[in-house]
Amino acid sequence: MSRRTRRTLLIVAAVLVLLAVAVFLRSKAPPEAARLLPESDGILYINLAPIRAFAHFKKLPPPQRVPDYQEFVDATGIDWERDIDQAAIGLHRMPDPNGPNGPVAYSMVLVGKITGQKLNSWLDAHAVSREMYTGHTIYSIPSEGRTVRVAQVGYDMIGVSNYPTPEMIHSILDRHRTAALPFAGSSLLQQHFHDVPLLSLAWGVGQIGLPFSESGNIRIFGFDLPLASDSTIIASAAPALSVHGSLGSVQLRVEEIAADEDTAANQAAAIGTLVTVARAFTGPAGGGRAKATLQQLLKSAEVSQHGERVVVTATLPASSLPGL
């Protein structure tokens with residue numbers, strides 16, 4: 001073998017190794033939509049594309065839309081339920097929960113068939129002001145006493161924020177320029193994305209209880225959870241396939257990071273008691289699909305403690321989910 005041939009083979013081998021490393025790193029990296037989010041107190045993410053592949057939404061009756069939303073669909077041709085493939089949401093705690101901006105603001109990155117001239121025309125018609133930033137037009141839309149800023153980030157991606165100032169939508173556009181870096185993103189994402197189970201289609205990290213908080217406590221399904229809204233939580237939903245390759249169930253996992261092991265032990269005991277009480281409260285089987293789903297969720301729920309972490313797991317059969 002000549003020296004030139006060996007050199008060529010070494011170069012090809014090195015390129016293949018680099019490509020393999022890049023693919024591996026990309027598979028471990030957070031989704032791009034989540035990496036574009038600004039600094040926040042909590043992050044929620046959902047990948048709707050594979051969920052649609054599992055579900056049979058065509059079997060469901062057509063949704064009843066409010067007039068304003070129907071007008072938006074007719075004008076833009078965009079239906080959020082049909083056309084959004086991914087959604088990443090950053091939650092921002094407001095300093096005054098009783099102020100004009102409420103307890104929490106959000107910043108979102110939406111991916112799907114949701115951009116185009118029709119959307120820009122609708123935004124332009126409804127905007128009270130516009131700002132040019134790094135070559136992007138940011139539209140300011142009034143909504144329920146707040147200002148919602150919207151910008152087309154890429155050909156299939158838009159950024160949205162109702163934060164009181166434009167810094168969050170600016171951050172989304174700034175991060176888009178470095179999105180090729182697989183481990184770019186907010187400090188919260190860098191700290192906790194490795195805790196999210198592999199193949200999760202929906203997950204949340206950080207203070208994700210903020211939207212469910214009432215007087216500082218988290219309230220879900222009518223139950224007050226023994227968690228503060230500023231608790232650090234990692235929640236996820238991952239599919240479990242049947243032997244036939246269809247969706248068999250959804251594995252739910254919620255993990256709280258407590259201050260120390262003693263606090264975690266107390267939290268685990270309190271949550272375990274709440275699950276037991278909730279099982280009794282929901283009563284026997286029957287009472288509609290929503291109640292049956294909650295009963296199945298509580299029946300499979302398990303609470304465990306691992307050091308300073310409290311983990312709650314549950315399983316939902318695919319048959320309990322709409323469209324499946």
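This is a predicted model: local features need pLDDT of at least 70, side-chain atom pairs count only at pLDDT 80 or more; totals for chains, interfaces and linings use all residues.

Biologist: How far apart are the closest N and O atoms of R82 and D83?

Modeller: Side chains of opposite charge can pair when their charged atoms come close. The criterion for a salt bridge is a side-chain nitrogen of Lys or Arg within 4 Å of a carboxyl oxygen of Asp or Glu. R82, partly exposed at 46% relative accessible area, forms such a bridge with D83, and their closest N and O atoms are separated by 2.8 Å.

Biologist: How many salt bridges does the structure hold?

Modeller: Besides R82 with D83, E39 and R175 meet in one at 3.5 Å, N to O. The total for the structure is seven.

Biologist: How many residues apart are E39 and R175 in the chain?

Modeller: E39 sits in the loop between α2 (32–35) and β1, and R175 in helix α7 (residues 167–176); helices (H or I, at least four residues) and strands (E, at least two) are DSSP runs numbered from the N terminus. E39 is partly exposed at 38% relative accessibility, whereas R175 is buried at 17%.

Biologist: Which residues are linked with D195 in a network of salt bridges?

Modeller: D195 is buried, with a relative accessible area of 15%. The side chain of D195 meets that of R309 at 3.4 Å, N to O. That pair joins the loop between α8 (187–192) and β8 to strand β15, 114 residues apart. In the network, D195 is linked with R253, E255 and R309.

Biologist: In β8, which residue is the bridge partner of I46?

Modeller: Strand β1 (residues 42–47) runs antiparallel to β8, and five bridges join them; two strands pair if DSSP finds at least two bridges between them. Four of the five residues of β8 (residues 202–206) are buried, so this strand is largely enclosed by the rest of the structure. The partner of I46 there is A202.

Biologist: How many residues of strand β6 are buried?

Modeller: Strand β5 (residues 136–143) is antiparallel to β6, with six bridges, and I138 stands opposite A151. Strand β7 (residues 157–161) also pairs with β6 in the antiparallel sense, over five bridges, including the one between Q152 and I158. Strand β6 (residues 146–154) is largely enclosed by the rest of the structure, because its buried residues number seven of the nine.

Biologist: Which residue in the turn between β5 and β6 has a positive phi?

Modeller: These strands form a hairpin with two residues between them. The phi in question is about 50°, and the residue is E144.

How values were computed. Residues are numbered from 1 along each chain as its sequence is written. Side-chain values use heavy atoms; hydrogens and water are left out. Buried means under 20% relative accessible area, exposed over 50%, partly exposed in between (1.4 Å probe, protein chains only).
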